[in-house]
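Here is a protein chain, followed by questions about the terms used to describe it. Each answer sets a value against a definition.

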Amino acid sequence: MKKFPKLVAVGAMALTVLAGCGESGSGSSVELNDGDTVKVGLNYELSGNTATYGLAMEKGSQLAIKQYNENENSKYTIEVISQDCKSDSMEATSIATKLMTEEGVAFQIGPATSGDSLPTYPVASDAQVPVISPAVTQINGMIDSNTGEAYPYAWRVCFEDQTQANAMAKFAYDDLGKRKAVIYSDSANDYAKGLAESFKDYFVSLGGEIVSEENYVQGDTDFNAVLSNLANTDFDVLYVPGYYGEVGLIVKQARAAGLDQPILGADGMDSPKLAELAGTTALNDVYFSTAYTTVNASQELLDFIEAYKAEYNEEPDMFSVLAYDATNLALQALETAGATGEKLNEAIKNIEFTGLTGSFTFDETHTPIKDVLVVELVDGVQENTIKVNLGE
């Protein structure tokens, strides 16, 4: 049995440290004792435009923490402080500041999107509180533009966008044998723009041709003008980087316009809402890159799925799995460090972690090197998966 827990006064210590910090390594660690109760923060989009991602991630994190607390071998009791950043970057930053300086959390998980997460990294560095990002795939997203190095207290458990875009370009060229691509991306979204640029560069480097580059803006619902023009264009593959909300409608309208070319996308497509928006019959010869699929699932993944369905009465997706991994990574590091602050961050830096999305250590950009999986949809259902190795 666990010892009777006592609440760790991390909040007061954090406020004291903040008065003179800003550099990592200033000795901000708070030593922990077995049986202590440790606060952790969840900062997710529980409402707003990207709530599908945030809600799934919050469930994944909560399940990881519940399982940890129920394990009699766990050193600590975890107290969760979960906040809704409302799919707004300013709200996400305000919440991160409150969690780290007032609530005294040992670490923060989230937000879900790059746009909401990146502004929280300077807060984490100043407070010396690690933040683990489940799905911040933005190219150089971990890098502080002022120093050219990774934010010292920011980490992610996903591959970055350049990796997944390059993998999709290679898949299109090598596996599908396509040579003429059209890119249709969100012109106002850094996530989509980064994916589009990387796909373009890599596809051309392989010998492919970008026939046309088209743009939409998040919130658009009518894509027929562009798709009608593409119906008269000579191309053999369509790459649509972006989030499920627009991509689902683009797929539906593309098929209705007579475009039967393969449609490729990124991990932002991975949502149950995709099939609702596109319709299952439109989701054939459609592929997206991901770090997670249930096709050929391991026993560990099957156990997680069973536990997740028992807890929430729904299927998990990539985002809930990434959040589950991110949370378990932080908990593993917490047990290794036996402390918060600098010592916890050092444990994260040196961790050897095995989760549902793979085994990895961190590189100098605080990014794991992971395989990219390409999932094929058949009538809207994930049926096949291809592992793309960019080193080949």
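Q: What does the side chain of Thr101 reach?
A: The side chain of Thr101 reaches the backbone oxygen of Thr97 at 2.6 Å. A polar contact is a pair of N or O atoms within 3.5 Å, where, within protein, one must be able to donate a hydrogen and the other to accept it, and residues adjacent in sequence count only if both atoms are side-chain atoms. The model is predicted, so local features need pLDDT of at least 70 and side-chain atom pairs count only at pLDDT 80 or more, while totals for chains, interfaces and linings use all residues. Residues are numbered from 1 along each chain as its sequence is written, and side-chain values use heavy atoms, with hydrogens and water left out.

Q: Where is Thr101 placed, and why is Thr101 called buried?
A: Thr101 belongs to helix α3, residues 89–103. Buried means under 20% relative accessible area, exposed over 50%, and partly exposed in between (1.4 Å probe, protein chains only). Thr101 has a relative accessible area of 11%, so Thr101 is buried.

Q: What is the count of helices and strands in the protein chain?
A: The protein chain has 13 helices and 17 strands. Both are DSSP runs numbered from the N terminus: helices are H or I with at least four residues, and strands are E with at least two.

Q: Why is the protein chain called as compact as a globular protein of that length?
A: The radius of gyration is taken over C-alpha atoms, and the globule rule is 2.2 Å times the number of residues to the power 0.38. For 392 residues the rule gives 21 Å, and the radius of gyration of the protein chain is 21 Å, close to that value, so the chain is as compact as a globular protein of that length. Along the principal axes, the C-alpha atoms fill a box of roughly 70 × 45 × 40 Å. Buried residues make up 54% of the 392 residues.

Q: What share of the contacts in the protein chain with a separation of 6 or more is made by residues 24 or more positions apart?
A: Such residues account for 73% of these contacts. Contact means heavy atoms within 4.5 Å.

Q: Why is Gly41 called buried, and which residues is Gly41 in contact with?
A: The relative accessible area of Gly41 is 0%, so Gly41 is buried. Gly41 is found in strand β2, residues 36–44. Leaving aside neighbours within four places in sequence, Gly41 is in contact with Ile81, Leu99, Val105, Phe107, Gln108 and Ile109.

Q: Why is Lys180 called partly exposed?
A: Lys180 has a relative accessible area of 29%, so Lys180 is partly exposed. Lys180 lies in strand β9, residues 180–186. The side chains of Lys180 and Asp234 are joined by a polar contact of 2.8 Å.

Q: How far apart are Lys180 and Glu209 in sequence and in space?
A: They are 29 residues apart in sequence, and their C-alpha atoms are 4.9 Å apart in space. With neighbours within four places in sequence left aside, the contacts of Lys180 include Glu209, Asp234 and Val237.

Q: What makes the pair Thr113 and Asp116 a polar contact?
A: Their side chains make a polar contact at 3.2 Å. Thr113 is found in the loop between β4 and α4. At a relative accessible area of 9%, Thr113 is therefore buried. Among the residues in contact with Thr113, leaving aside neighbours within four places in sequence, are Glu45, Tyr53 and Tyr243.

Q: What kind of peptide bond joins Gly110 and Pro111?
A: The bond is cis, with omega about 0 degrees. Pro111 lies in the loop between β4 (108–109) and α4 (114–117).

Q: Is Gln128 buried or exposed?
A: At 2% relative accessibility, Gln128 counts as buried. Gln128 is in the loop between α5 (121–127) and β5 (131–133). Phi of Gln128 is near 55 degrees, a positive value in a residue other than glycine.

Q: Why does His366 count as buried?
A: His366 has 11% relative accessibility, so His366 counts as buried. His366 lies in the loop between β15 (358–360) and β16 (372–378).
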